[in-house]
Amino acid sequence: MLKAFFHTVVYEPLYNGLIFLIDIVPQHNAGLAVIILTILVRVILFPSSRKAIRSQMKMKEIQGEVDAISKKYKDDKQERAKQTMALYKEKKINPLAPIVPLLFQLPIIFSLYLIFAQSGLPKVNSDFLYSFVQLPNMVNTNFFNLFDITQKNLYVALLAGITQFIQASVYVKLTSPSKDSPKEERGSRPSFQADFQKSMNFQMKYLFPFLVTWFAYSLSGAIALYWTTSNIFSIMQELITRREKSGPRETHKK
């Protein structure tokens, strides 16, 4: 049941979208089609990703209130966590929001893996095609004579990891407390929010790029290409979000 749902809702739309793009892009290049498909997917997920970034920026803004809770309940970890979560609820902040876009991307990555590893590209399975999607005359899996996207490629996998590190660095800088934020007193326990944020930032900036590189190399060049394109999109999105946030303040100062 779940497998059929996944195949119908995730796999088939992605497969048809990829084949449609391969049919219309120059040289029927599957790598170029992957890049375009990735951008289209990220545009669809943009509202969710934007919401996640804004949620993290709100957490940055209420750091002073979180620190006050930490100071008040420094000897009661359970109550400190309870009051912090109550503050998040009051401010309409979801501390798990950054995980949501990633959860959306996992089925997409798995579908791309199935498409390139099990569906036999460059051969196209016409049984999965919608009636309005034409069968391409050919499928070129050689990405502009650089590499075959159906095969492993260390360089593209490293590029995926590097762009992931840059994306995480931009995100951490965007959502971390500013230097002007009030600091906790020496000897006081870190707040629940601070603990959670520090752990998330460390994993995103140092652990996740390593995992991305390993997975991208273990699977195929197509996955690495998808991840690299997705990371570049995320970097641009986060920079735009930061500009949107700082814009009104600059205007107010003038």
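These legends describe close-up views of a predicted model. Local features need pLDDT of at least 70, side-chain atom pairs count only at pLDDT 80 or more, and totals for chains, interfaces and linings use all residues. Residues are numbered from 1 along each chain as its sequence is written, and side-chain values use heavy atoms, with hydrogens and water left out.

**View 1. The largest nonpolar core.** This core has 41 residues. A nonpolar core is a set of buried Ala, Val, Leu, Ile, Met, Phe, Trp, Tyr and Cys residues joined through side-chain atoms within 4.5 Å. Buried means under 20% relative accessible area, exposed over 50%, and partly exposed in between (1.4 Å probe, protein chains only). Leu-18, Ile-19, Leu-112, Ile-115, Phe-116, Leu-121 and Ile-149 have the most contacts inside the core. H1, H2, H5, H6, helix H7 (192–219) and helix H8 (221–253) each supply at least two of its residues. Helices (H or I, at least four residues) are DSSP runs, numbered from the N terminus. H1 gives the most, with nine residues. Apart from this core lies another, of seven residues, among them Met-59, Ile-69, Leu-87 and Ile-93.

**View 2. Contacts of Ile-19.** Contact means heavy atoms within 4.5 Å. Not counting residues up to four places away in sequence, Ile-19 touches Leu-121, Val-124, Leu-129, Val-133, Gln-134 and Pro-136.

View 3. A search of the whole structure finds nine aromatic pairs. Rings of Phe, Tyr and Trp (its six-membered ring) pair if their centres lie within 6.5 Å; planes under 30 degrees apart count as stacked, over 60 as edge-to-face and the rest as tilted. The ring centres of Tyr-15 and Phe-128 are 5.9 Å apart and the planes are at 85°, so this pair is edge-to-face. Tyr-15 lies in helix H1 and Phe-128 in the loop between helix H5 (99–117) and helix H6 (154–175), so the pair ties together parts 113 residues apart in sequence. Tyr-15 is buried, at 0% relative accessibility. Phe-128 is partly exposed, at 23%.

**View 4. His-28 in its loop.** His-28 sits between helix H1 (2–24) and helix H2 (30–61). His-28 is buried, with a relative accessible area of 17%. Leaving aside neighbours within four places in sequence, His-28 contacts Ile-22, Asp-23, Met-138, Val-139 and Asn-140.

**View 5. The buried side of H3.** In helix H3 (residues 63–72), the buried residues are Gln-63, Val-66, Asp-67, Ile-69 and Ser-70. They cover an arc of only 160° around the axis (taken from the directions from the helix axis to the C-beta atoms), which puts them on the same side of H3.
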